[in-house]
Amino acid sequence: MSAEPLEIHLEEQDLGRSLRADVRTGLAAEEKWLPPKWFYDARGSQLFEEITRLPEYYPTRAERAVLAERAGDIAAVTGAKTLIELGSGSSEKTRLLLDAFTRHGDLGTFVPLDVSVSALRQSTAEIAADYPGLRVRGIVGDFTRHLGRLPAGGRRLVVFLGGTLGNLLPAERADFLTAMRAALEPGDWLLVGTDLVKDPAVIVPAYDDAAGVTAEFNRNVLRVINRELGAEFDPAAFAHVARWYPEREWLEMRLRALRPMRVQVLDLDVPFAAGEELRTEVSAKFRPEGIAAELAAAGFDAHRFWTDSEDLFGVTLARVD
């Protein structure tokens, strides 16, 4: 069965407007920031794939280990008819679930949602070819804006992997989970991956690898803004910073100006003092009781919690009652 034509709710001009709005707001703030979604052009996605294979970067390996061990349990417990993946990318880890549902369930439809038309077109074609009995329906959209576009009907399992939930600030997480609950019906399920609180000596190197791949990934946001908005950032004038904040239990990636400079972008003249930092990502780490409480506050029941053998990464299966 071939993949269905993509359902598009996000056009190139929407992305352009969103980028301009984020740049205006973030670079004009007293403490400058940019959201991490702008790392991911084709080069940024390639760099992130390299990061996931680095020895320091444990989250991808740990989450994959949990899914490899528990995919059969997830299929058996949920009995899902429709599998929906948010921020799907290549859907590599989701194949562990698709394999399990093929063996143990009667899954009929797979719905990946992603902002990238090209990535989604490729992944849906590949999955449709590899799982010929499965209906594959890709949605081009933003998981913070288009949850209301998810297909209704059947018992649904929504999958949100990779620790992406931790890239949202606490208020943003609450808004996202509330919107997710509103998009689902009693009997539906949510599977969410969360990196766990642990020794910062393990966490920080995952975001500051010896080979410097993450540093290039971090600076890629400046290259994206240069290309898309005609800005004049010199990426080499910014150092990569990864810093753990114990009181918040999150890591921040930042770019530190190595010299004083002024950068022209849109109609802004953006000054940087030497040593001034631009925050590009927050990566929150969770405790099992914390993620259960956040899910409960949004109307979910945390039904099962699994982790890998080293307690590095958690996967929570939550139900809508």
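**Strand pairing, helix packing and selected residues**

In the predicted model, Asp114 lies opposite Val140 of strand β5. The two strands concerned, β3 and β5 (residues 139–140), run parallel and are joined by two bridges. Strand β3 covers residues 109–114. Its pairing with strand β4 (residues 135–136) is likewise described by two bridges in the parallel sense, and here Phe110 stands opposite Val136 of β4. A further partner of β3 is strand β2 (residues 82–86), with which β3 pairs in the parallel sense over five bridges. Within this pairing, Leu83 has Phe110 as its bridge partner in β3.

Strand β3 is mostly covered, and six of its six residues are buried. The side chains can be sorted by the direction in which they point. Thr109, Val111 and Leu113 point one way from the strand, while Phe110, Pro112 and Asp114 point the other way. Both groups are buried. Asp114, the residue opposite Val140, belongs to the group that includes Phe110 and Pro112.

Thr94 is in contact with residues of this region. Thr94 is located in helix α4, which spans residues 94–104. When neighbours within four places in sequence are left aside, the contacts of Thr94 are Leu83, Glu85 and Phe110. The relative accessible area of Thr94 is 0%, and because a residue under 20% is counted as buried, Thr94 falls in the buried class.

Helix packing is considered next. Two packed helices are described by the angle between their axes and the distance between the axes. Helix α8 (residues 213–229) and helix α2 (residues 42–52) have axes that come within 9 Å and cross at roughly 155°. Because angles over 145 degrees count as roughly antiparallel, α2 is roughly antiparallel to α8. The crossing in which α2 passes α8 is left-handed. On the α2 side, the contact is made by Arg43, Gly44, Leu47, Phe48, Glu50 and Ile51. On the α8 side, Val213, Thr214, Glu216, Phe217 and Asn220 take part. Sorted by class, the residues of this contact are five nonpolar, three polar and three charged.

Helix α8 also meets helix α1 (residues 12–28), where the axes come within 11 Å and cross at roughly 120°. The helices α1 and α8 are therefore oblique to each other. As with α2 and α8, the crossing of α1 and α8 is left-handed. Helix α1 contributes Leu19, Arg20 and Val23 to the contact, and α8 contributes Ile225, Glu228 and Leu229. By class, four of the residues in this contact are nonpolar, none is polar and two are charged.

Helix α1 also contains Gly26. Gly26 has a relative accessible area of 0% and is buried. Apart from neighbours within four places in sequence, the residues in contact with Gly26 are Lys32 and Trp33. Between the C-alpha atoms of Gly26 and Arg279 the distance in space is 9.1 Å, although the two residues are 253 residues apart in sequence.

In β12, Arg279 is the bridge partner of Arg254. Strands β9 and β12 run antiparallel and are joined by seven bridges. Both belong to an open sheet of three strands in the order β8-β9-β12, with antiparallel pairing. Strands β8 and β12 (277–284) stand at the edges with a single partner strand each, so one side of each has no neighbour in the sheet. On average, neighbouring strands of this sheet are turned by 20° against each other, direction ignored.

Two residues other than glycine have a positive phi and are reported here. Glu249 has a phi near 55° and is placed in the loop between β8 (238–245) and β9 (250–257). With a relative accessible area of 21%, Glu249 is partly exposed. For Asp311, which is not a glycine, phi is positive at about 55°. Asp311 lies in the loop between β13 (300–307) and β14 (313–320). The relative accessibility of Asp311 is 47%, and this residue also counts as partly exposed.

Key
Residues are numbered from 1 along each chain as its sequence is written. This is a predicted model: local features need pLDDT of at least 70, side-chain atom pairs count only at pLDDT 80 or more; totals for chains, interfaces and linings use all residues. Side-chain values use heavy atoms; hydrogens and water are left out. Helices (H or I, at least four residues) and strands (E, at least two) are DSSP runs, numbered from the N terminus. Buried means under 20% relative accessible area, exposed over 50%, partly exposed in between (1.4 Å probe, protein chains only). Contact means heavy atoms within 4.5 Å. Axes are lines fitted to C-alpha atoms, for helices over the stretch in contact, and angles run from 0 to 180 degrees between N-to-C directions. Angles under 35 degrees count as roughly parallel, over 145 as roughly antiparallel, 65 to 115 as roughly perpendicular and the rest as oblique. A crossing is left-handed if the near helix is turned anticlockwise from the far one by less than a right angle, and right-handed if clockwise. Ala, Val, Leu, Ile, Met, Phe, Trp, Tyr, Cys and Pro count as nonpolar, Asp, Glu, Lys and Arg as charged, and the others, Gly among them, as polar. Two strands pair if DSSP finds at least two bridges between them.
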